[in-house]
Amino acid sequence: MSNTLKNRLLIAGFIVVLFMCYKFAFAKTFELKAEHDTLIKEQQIFNNTPKQLALLKKKKQYYDSLLTKYKIGGTSLQNNLLNTVTRFSKGNNLKVVDFSAPHVYTEKSLIINTYSFTVEGHFNNILQLIYTLEQRTKYGEIVSVLYEKKKNYRKETSYLQATIMLQSFG
């Protein structure tokens, strides 16, 4: 046997031994190391669970306070809006003439509800109602207000009606 053949056999044997070492020793070590890392991450998640639970309770309290502040109850938005308008109207000498069913429109998986209602009264009181709906409650945004001066021919008096359109996204 010549020296080159011996060297080639030695190199091939060395490669085979390296492959067997990797297959039977190193590969299992790498698997166990990866499993150990995932278990440590899971343990950290479980250790942080009480902190996350406390944080979620605080968030719930905050969101509940926002719902109370903006007068959004557990019933439908239309019912809440009607209650707010009626309550405001009683206190500010306004009359709710019409409250129509909402117009629902869907665009690119976004549902747009448009609520239309008509109130009658003085201009300043109607303006206060619009301000209340936009700033103090979060039902949506006022997209249109149509003022009409009407005349009652029997009593020979004039009055102001405003048709208000409020739009919300659901």
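Two strands pair if DSSP finds at least two bridges between them. Strands (E, at least two residues) and helices (H or I, at least four) are DSSP runs, numbered from the N terminus.

**Entry 1: basis.** I worked on a predicted model, in which local features need pLDDT of at least 70, side-chain atom pairs count only at pLDDT 80 or more, and totals for chains, interfaces and linings use all residues. Residues are numbered from 1 along each chain as its sequence is written, and side-chain values use heavy atoms, with hydrogens and water left out.

**Entry 2: strand pairing.** I looked up the partner of K149 and found L160, in strand 5.

**Entry 3: turns and positive phi.** Strands 4 and 5 form a hairpin with four residues between them. In that turn, E156 has a positive phi of about 55°. I recorded E156 as exposed, because its relative accessible area is 66% (exposed is over 50%, buried under 20%, partly exposed in between; 1.4 Å probe, protein chains only). I then checked K108, in the loop between strand 2 (103-107) and strand 3. K108 is not a glycine, yet its phi is positive, at about 55°. K108 counts as exposed because its relative accessibility is 76%.

**Entry 4: nonpolar core.** Of its 18 residues, L81, F117, V119, L129, L133 and I164 touch the most other members. Helix 2 (77-91), strand 3 (110-120), helix 3 (123-136) and strand 5 (157-169) each give two or more residues to this core. I listed contacts (heavy atoms within 4.5 Å) of V119 beyond four places in sequence; among them are V85, V97, I126, L129, L160 and I164.

**Entry 5: T84.** I located T84 in helix 2. T84 counts as buried because its relative accessibility is 6%. Its side chain joins that of Y139 in a polar contact of 2.7 Å (a pair of N or O atoms within 3.5 Å; within protein, one must be able to donate a hydrogen and the other to accept it, and residues adjacent in sequence count only if both atoms are side-chain atoms). Leaving out residues up to four places away in sequence, T84 touches L133, T137 and Y139.

Conventions. Core = buried A, V, L, I, M, F, W, Y, C linked by side-chain atoms within 4.5 Å.
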